[in-house]
Amino acid sequence: MALAALEVTDLSYSYGQDSSALHDISFRLTPGERVALLGPNGAGKSTLLWCLVGVLRAQGTIAVDGTVLRPGTEAEIRAKLGLAFAEPEDQLFMPTVRRDVTFGLLAAGAGSEEAAHAAEQAIRSVGLPEEALERAAHDLSSGERRRAALASILVMDPLILALDEPTNSLDARGRLSLARILLQLPCAQLVATHDLEFARALCARALVLVNGELVADTSMTALLADTKHLQQYGLTAPLRTDDGQTGVL
Amino acid sequence: MPHHLDLYVKRESALHRLDPRAKMLAAVGFVAAVLLAPTRPPWPTGALLLLLIGAAVLARLPARLVCRRMLSLVVVIGMPFLLSRLGGEATRAAGEQFAVRSLLVAAAFLVLMASTRAVVLLEVAERLPLVSVFGQLGEFILRGADLLAEEVVRTNRAWVLRAPSATLKVRLTGLSQASMSLLARAAARSERVGAAMVLRGFQGKLPMATPTPLPWSHLLAGLLFALISLGLAGVGRWR
Amino acid sequence: MVGGASDRDALSRARELALAGLLGALGLLLPIGFHALGWGGKVFLPMHLPVVVAGFLLSPATAVTLGFVVPLLSAVLTGMPPLSPPVAPLMALELAAKAGAASVFYRVLRLPLWVALAAAFVADWAVLALAAWFVAGLFAIKAGAIQYVAAAVVISLPGTILQVIAVPLTVLAIEKRVPRLRPAKRDETG
């Protein structure tokens with residue numbers, strides 16, 4: 001069996017003694033695979049992503065490209081698994097986009113020229129002009145900020161890209177643009193979202209989290225065809241009543 | 001759009017194009033000269049003033065802008081000077097020196113900051129051995145100011161829509177509650193930003209690109225300005 | 001919460017830097033807001049508010065650095081307080097001492113909040129007294145440092161009262177929102 005890009009085994013996490021956020025989650029991602037992580041608000045999607053990058057220390061095993069996450073291997077894991085936050089502003093913390101995008105490479109010891117060249121490539125790959133590198137983050141639109149934050153992760157050439165609600169505050173054109181960018185990336189992707197349309201466009205497989213438990217690991221097509229389970233999992237909520245009436249429920 | 005807080009005045013000028021390190025060298029030399037130069041006779045400080053006016057002209061700074069910014073110092077400098085006139089000879093002399101030197105140094109900083117972006121100055125500071133931590137923190141504060149300014153604008157718009165004719169008491173209560181909420185959100189945000197930094201490989205110090213070499217011509221220009229200033233002050237002091 | 005000790009240290013340092021940045025930013029913006037409302041800086045001391053709060057939430061080294069940087073950065077970015085005459089450098093020393101004292105008393109010595117706040121005020125006035133003594137020497141003025149500090153305290157009484165009310169409320173609100181910022185093993189009855 002080929003080495004998994006990501007292997008998660010019996011992952012559990014609690015925020016407090018009586019608050020279990022994740023319970024015995026197990027799944028794998030193969031290299032280049034795109035998987036949607038679906039679930040209603042509060043299901044534990046973001047918590048799972050934070051556990052994968054080692055910011056939250058969970059029970060169970062997380063292995064990226066064969067390297068198990070444990071004290072001492074965090075840097076190695078994070079170099080291979082990039083996480084795009086739900087709020088891109090949280091990842092744009094330097095005065096200019098250039099400083100943000102080159103941050104990871106410089107921290108890893110790359111030379112200035114190498115970092116500058118990689119930054120230019122990364123910013124172009126997300127559909128932004130090179131001039132964007134000289135701008136302050138607050139000078140970008142929300143869609144541009146999301147792309148700039150993405151560039152700051154892609155510049156590290158990660159094996160896996162995890163995205164937390166990537167279509168938040170994006171208009172239809174922005175979503176399309178983002179989908180096109182992600183479709184061109186060779187890395188494996190784990191996309192936490194409740195935007196079913198976006199997930200369908202991008203991913204062939206879906207993991208469904210409900211109340212911290214993995215309730216489904218299936219093909220996207222099969223999941224979307226199963227309207228009963230979609231409603232049961234809280235992934236859709238019809239705005240029509242059963243007798244076809246619309247309006248306030 | 002530049003950062004929300006910055007005294008930079010966008011112009012196409014030789015001074016704007018001059019490397020910020022050369023400008024800082026020139027500024028340090030000028031400030032040292034101002035502190036060295038006597039105020040009696042007045043010609044050394046007068047010459048320094050002319051030198052500075054030359055720099056401001058080179059930077060194509062609007063005279064009205066310069067005067068307006070200097071006007072804000074009238075009270076801060078004027079009051080101690082006027083009070084010193086009530087004292088003895090030593091106090092009056094000290095007051096005079098205080099006023100002249102304060103004005104010259106303030107004007108020098110004004111020209112420097114009007115011709116150099118704040119973020120560039122902070123990057124230079126970040127590379128200097130003793131002050132690098134100040135530069136690092138300054139960069140975070142600058143970014144934080146951008147974020148908070150946006151939040152304040154949003155909150156203010158919400159207030160205008162929600163309570164356009166609120167009394168002062170209601171507004172003040174709302175302002176204090178909004179400020180507390182803003183601070184609490186800022187604190188929560190810092191948790192995520194800290195995580196973002198570590199995920200990108202932060203180990204305790206902000207990574208920096210190696211600086212571009214300082215062009216000789218720029219270094220010479222900065223050095224020349226500093227040396228001329230110090231020369232004028234030196235001649236004035238020891239003549 | 002996080003993996004190895006060095007990773008934990010890096011995360012802690014990163015969070016401190018991020019929080020210091022936001023509190024420092026407030027130290028730049030509040031004076032602008034107060035001036036816009038016509039409330040004088042010398043009376044209401046708006047810059048002191050977030051810096052003192054920072055003293056309670058950050059380590060002593062970061063708190064001192066922040067207190068030192070904020071007035072100087074404000075001078076560079078807004079022109080106020082002025083670098084020349086050296087109002088900004090004096091405020092830098094004042095706020096560094098104030099934030100540092102708050103941090104040492106609250107986070108290191110684990111004393112109650114109100115004790116740490118009192119210590120912060122004392123540190124501030126001590127720096128003012130030293131500065132007054134120095135300036136008096138420069139101007140050959142025979143006035144005492146104590147009189148200067150007393151005058152400064154009276155003028156800034158509204159600001160002091162504002163800090164006494166707002167700082168504890170703000171610190172407690174932030175600690176409630178981010179429990180990690182509460183000093184470990186704090187005396188709950190303090």
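Student: Where does A:Asp65 sit?
Tutor: A:Asp65 is in the loop between E4 and E5 of chain A. Helices (H or I, at least four residues) and strands (E, at least two) are DSSP runs numbered from the N terminus. Bear in mind that this is a predicted model: local features need pLDDT of at least 70, side-chain atom pairs count only at pLDDT 80 or more, and totals for chains, interfaces and linings use all residues. Residues are numbered from 1 along each chain as its sequence is written, while chains are lettered from A and ligands numbered from 1 in the order in which they are written.

Student: What's the phi of A:Asp65?
Tutor: Positive, about 55°, although A:Asp65 is not a glycine. Most residues other than glycine have a negative phi.

Student: How exposed is A:Asp65?
Tutor: Partly exposed, because 17 other C-beta atoms lie within 10 Å. The cut-offs are buried at 20 or more other C-beta atoms within 10 Å, exposed at 12 or fewer, and partly exposed in between, with C-beta atoms placed from the backbone.

Student: And what about C:Arg110?
Tutor: C:Arg110 has a positive phi of about 55° too, and is not a glycine. C:Arg110 lies in the loop between H5 and helix H6 (113–138) of chain C, and counts as partly exposed because it has 14 C-beta neighbours inside 10 Å.

Student: OK, back to chain A. What's the strand order in the sheet?
Tutor: E2-E1-E4-E5, an open sheet of four strands with antiparallel pairing. Two strands pair if DSSP finds at least two bridges between them.

Student: Which strands stand at the edges?
Tutor: Strand E2 (19–29) and strand E5 (67–68) of chain A; each has a single partner strand, so one side of each is left without a neighbour in the sheet.

Student: How many bridges join E1 to E2(A)?
Tutor: Seven, with strand E1 (residues 6–16) of chain A running antiparallel to E2(A). For instance, A:Val8 has A:Phe27 as its bridge partner in E2(A).

Student: New topic: which peptide bonds are cis in chain C?
Tutor: Among them are C:Met80 to C:Pro81, with omega near -10°, and C:Ser84 to C:Pro85, with omega about 0°. C:Pro81 lies in the loop between helix H4 (60–78) and helix H5 (87–108) of chain C, and C:Pro85 is in the loop between H4 and H5 as well.

Student: Last one: how many residues does each chain bring to the contact between A and B?
Tutor: 25 from chain B and 25 from chain A, where contact requires C-beta atoms, placed from the backbone, within 7 Å.

Key
Contact = placed C-beta atoms within 7 Å.
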